[in-house]
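Please look over the chain below before reading the notes.

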Amino acid sequence: MKGIEFENRKFKIEFLDPSLGFERKELFIEIRRDCLTGHISRVLPFRRRRISGHTISQEVIEESRKNCPFCPTSIPRLTLKFTPETHPEGRLKRGSCTLFPNQFPYASQNWVTVLSEEHFIPIEGFIADIIRDGFILSQEAILRVEGKKGNVHYSSINWNYLPAAGGGIIHPHLQVVAEEFPTFFHRAVLEGLKRYG
């Protein structure tokens, strides 16, 4: 009789860290698969700061602006850069959008796309240009990494804006993932599409 086998894989992520004078830094993440349910989980050896509450007051917006890494003057100093082997320019840009490695990655290829130089945009304040440029820039990064890494087959562009949606930083941004295998939800959607078709 075969015993239960736990599957896990570890990935090394490299970037140039502003807190270390843009020296090369490595982080490791672990992906585990439950052998009974097939559910895939990500184990992150770090935490990120969360903003509490469900309403956004002007005080919260102003307080969050003080140390925001995504504001235009902070991006060059506080956000990560890609290694020269992957993206020689360090960060990717399109219009008012900037894309760079996620400081708290949850996949082997995980990036942030800052959508605007404005720190806070009310939901009704988003215009098509901002969203279009952010998604095109994210897609360009995905296509570029697919061309360099033959094992990248699954990608997603995610957006959880403001604390009520789980957003930890108020400044508008996307989370971009490109990896070798799908998340549990991504796989369930693909399997559902096969059954539907």
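The points below describe this predicted model.

The model is predicted, so local features need pLDDT of at least 70 and side-chain atom pairs count only at pLDDT 80 or more, whereas totals for chains, interfaces and linings use all residues. Residues are numbered from 1 along each chain as its sequence is written, and side-chain values use heavy atoms, with hydrogens and water left out.

**Architecture**

- The chain holds four helices and eight strands, where helices (H or I, at least four residues) and strands (E, at least two) are DSSP runs numbered from the N terminus.
- Their order along the sequence is β-β-β-α-α-β-β-β-α-β-β-α.
- The chain is as compact as a globular protein of its length, because its radius of gyration is 18 Å, close to the 16 Å from the globule rule for 197 residues; the radius is taken over C-alpha atoms, and the rule is 2.2 Å times the number of residues to the power 0.38.
- Along the principal axes, the C-alpha atoms fill a box of roughly 60 × 35 × 35 Å.
- Of the 197 residues, 39% are buried (under 20% relative accessible area; exposed is over 50%, partly exposed in between; 1.4 Å probe, protein chains only).
- Of the contacts (heavy atoms within 4.5 Å) between residues at least 6 apart in sequence, 60% join residues at least 24 apart.

**Salt bridges**

- The whole structure contains 14 salt bridges, each a side-chain nitrogen of Lys or Arg within 4 Å of a carboxyl oxygen of Asp or Glu.
- Asp 133 and Arg 94 form one of them, at 3.2 Å from N to O. This pair links helix α3 (residues 128–148), which holds Asp 133, to strand β4 (residues 92–94), which holds Arg 94, across 39 residues.
- Asp 133 is buried at 10% relative accessible area, while Arg 94 is partly exposed at 29%.
- Arg 94 also meets Glu 140, at 3.7 Å from N to O. Glu 140 lies in helix α3 and Arg 94 in strand β4, so this bridge ties together parts 46 residues apart in sequence.
- Glu 140 is partly exposed, with a relative accessible area of 40%.
- Asp 133 forms a salt bridge with Arg 132 too, with the closest N and O atoms 3.1 Å apart. Shared partners join Arg 94, Asp 129, Arg 132, Asp 133 and Glu 140 into one network.

**Ser 74**

- Ser 74 sits in the loop between α1 (58–66) and α2 (75–78).
- Ser 74 counts as buried because its relative accessibility is 8%.
- Beyond its neighbours within four places in sequence, Ser 74 contacts Cys 68, Pro 69 and Thr 79.
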